[in-house]
Amino acid sequence: MIYVFNKFKNKDGKFKEQLAEDAIGLLCLYEAAQWSTHGEDILDEALAFSRSHLEGLTYESSPHMSIRIKNALKHAYPRGISRIETRQFISYYEKEDLHNQTLLEFAKIDFNLLQMMHREELGQVFRWYKNLELDLKLPYARNRTVESYLWAVGAYFEPRYSQARIYLAIVVILLTLVDDTYDAYGTIEELEPFTNALITWNPSGMEGLPESMKYLHQVVLDFYGKLEDEMEREGRSGCGFFAKQSMIVTAKAYLQEAKWLSQDYVATFKEYKENGVYSSSYLALLSGSFLGMVDEGTLDVFEWLSTFPPLLVNSALIGRLCGDIASCEFEHKRKHVGTSIDCYMNQYGISWEKAEEEVKIMALDSWKDFNQEMMKRDHSFPYPVVMRFLNLSRVVEVFYKDTDVFTYPELMKHHVVSLFLNKLSI
């Protein structure tokens with residue numbers, strides 16, 4: 001199939017320069033090339049060619065086309081959050097001379113109706129957070145309620161997955177609090193009994209720990225306990241158990257990183273990468289959110305997920321590596337376990353810049369591995385289940401491509417405002 005791109009080449013084997021005169025065509029070529037897999041060199045060439053010429057066209061095109069090109073260069077549609085892409089395209093399409101006014105009005109009505117649903121869901125997540133007094137009980141808590149809900153919207157843009165969005169938003173909040181506890185606020189002497197209490201799923205052995213850690217432990221147990229009860233009522237016995245196990249697996253990975261930090265040990269790149277599949281939190285994110293997929297989130301899906309299939313491993317590596325690239329500079333401002341870049345630099349005795357370059361290449365390779373898995377026709381489970389892996393990877397791409405916007409949420413303010421606050425005028 002990739003050989004269809006040969007018709008865009010000249011006799012010298014290079015892409016025809018006249019293609020650069022068609023901005024829409026170049027955008028299509030650029031976005032198609034995002035789906036490349038290993039060995040598809042022609043798509044790598046197409047990506048480099050289209051990107052180079054699109055960068056030039058940003059200064060030559062009409063204002064609205066220029067904005068569309070800049071948005072695509074920042075986050076190509078195949079790797080963007082669907083609701084953000086939808087909002088941006090409506091603004092672009094409205095300025096097209098030949099737009100269909102009826103279609104445009106229906107798109108705006110649809111967007112505004114779904115925005116109302118999102119506001120209600122976001123309100124539920126806010127109330128959950130506020131009722132638990134997490135800002136008061138956990139002085140170190142980062143309130144990332146809106147950002148966590150945006151994660152959920154990125155993973156589940158379809159209106160029917162309201163419950164899945166709410167569950168996932170809360171799981172992201174909990175993982176943020178637990179990760180920060182391991183990452184920056186708990187000592188190794190505190191984190192070991194804290195982890196044991198999560199493994200046994202009871203508070204025994206936590207008597208001497210700070211009240212904040214005891215409270216967080218109870219919040220986690222209460223949330224997953226209620227989910228497990230809900231699954232029983234829905235006739236999905238066993239699904240809640242796997243969701244709890246996913247949190248335990250993640251906590252163990254967090255503890256491993258905390259041990260490395262306490263021992264001033266820089267892991268080998270292989271050690272870091274293997275643990276990173278678990279510390280990426282993808283298992284917990286997917287398990288928690290699948291509980292909200294009433295029809296598709298069956299017990300066999302959870303059993304399959306617990307085996308860490310290639311789709312999960314590849315998407316987790318995308319998350320781990322992209323997160324490290326975006327946050328490494330910030331992490332170096334405080335004592336922090338070595339990131340993938342640090343581990344690679346230490347193991348191979350190269351500069352930080354060279355190590356960062358290599359890790360970026362690995363992240364791109366993980367995308368190619370992931371694309372290959374996505375294109376298989378023999379997926380064992382329904383397409384809506386498979387799509388969550390892609391959508392979560394898209395969220396990571398948007399949140400961590402250049403900067404860690406989860407740490408610096410002000411960088412996402414314009415998206416939050418356009419998606420959840422400002423209605424589209426009709």
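Val153 counts as buried, at 1% relative accessibility, where buried means under 20% relative accessible area, exposed over 50% and partly exposed in between, with a 1.4 Å probe and protein chains only. Val153 lies in helix α7; helices here are DSSP runs of H or I with at least four residues, strands are runs of E with at least two, and both are numbered from the N terminus. Leaving aside neighbours within four places in sequence, Val153 is in contact with Arg83, His118, Arg165 and Phe420, contact meaning heavy atoms within 4.5 Å.

A word on what you are looking at. This is a predicted model, in which local features need pLDDT of at least 70 and side-chain atom pairs count only at pLDDT 80 or more, while totals for chains, interfaces and linings use all residues. Residues are numbered from 1 along each chain as its sequence is written, and side-chain values use heavy atoms, with hydrogens and water left out.

Let's step back to the whole protein. It has 19 helices and zero strands. Its radius of gyration is 23 Å, close to the 22 Å that the globule rule gives for 426 residues, so the protein is as compact as a globular protein of that length. That radius is taken over C-alpha atoms, and the rule is 2.2 Å times the number of residues to the power 0.38. Along the principal axes, the C-alpha trace spans about 75 × 55 × 40 Å. Of the 426 residues, 54% count as buried. Among contacts between residues at least 6 apart in sequence, 70% join residues at least 24 apart.

The accessible surface comes to about 19900 Å², and 54% of it belongs to carbon and sulfur atoms; areas come from the Shrake-Rupley method with a 1.4 Å probe, and for residues only the protein chains shown count as cover. The mean positions of the 45 positive and 61 negative charges are 4 Å apart. Lys and Arg count as positive and Asp and Glu as negative, with His and the chain ends not counted.

Now to the inside. In soluble globular proteins, nonpolar side chains tend to be buried together. Here the largest nonpolar core has 114 residues, and those with the most contacts inside it are Trp151, Tyr224, Phe290 and Phe399. Such a core is a set of buried Ala, Val, Leu, Ile, Met, Phe, Trp, Tyr and Cys residues joined through side-chain atoms within 4.5 Å. Helix α8, residues 162-185, gives the most to this core, with 14 residues. Apart from it lies another core, of 21 residues, among them Tyr30, Leu54, Ile69 and Ala76. Returning to Tyr224, its contacts beyond four places in sequence are Val171, Leu174, Trp201, Ala243, Lys244 and Met247.

Another tyrosine worth a visit is Tyr254, in helix α11. Tyr254 counts as buried because its relative accessibility is 4%. Not counting residues up to four places away in sequence, Tyr254 touches Leu175, Val178, Asp179, Tyr182, Ser279 and Ser281. Tyr254 and Tyr182 are 72 residues apart in sequence and 6.2 Å apart in space, C-alpha to C-alpha.

Phe157 sits in the loop between α7 (145-155) and α8, and is partly exposed, with a relative accessible area of 27%. Leaving aside neighbours within four places, Phe157 is in contact with Ser82, Arg83, Leu114, Arg165 and Asn391. The C-alpha atoms of Phe157 and Ser82 are separated by 6.7 Å, although 75 residues apart along the chain. Thr37, in the loop between α1 (23-32) and α2 (41-57), is buried, with a relative accessible area of 3%. Thr37 touches Lys368, Asn371, Gln372 and Met375, again not counting residues up to four places away.

Finally, look at two backbone angles. Asp264 is not a glycine, yet its phi is positive, near 55°; this residue is found in the loop between α11 (239-262) and α12 (269-279). Phe308 also has a positive phi, of about 55°, although it is not a glycine, and is found in the loop between α14 (299-305) and α15 (310-331).

How values were computed. The place of a charge is taken as NZ of Lys, CZ of Arg, CG of Asp or CD of Glu.
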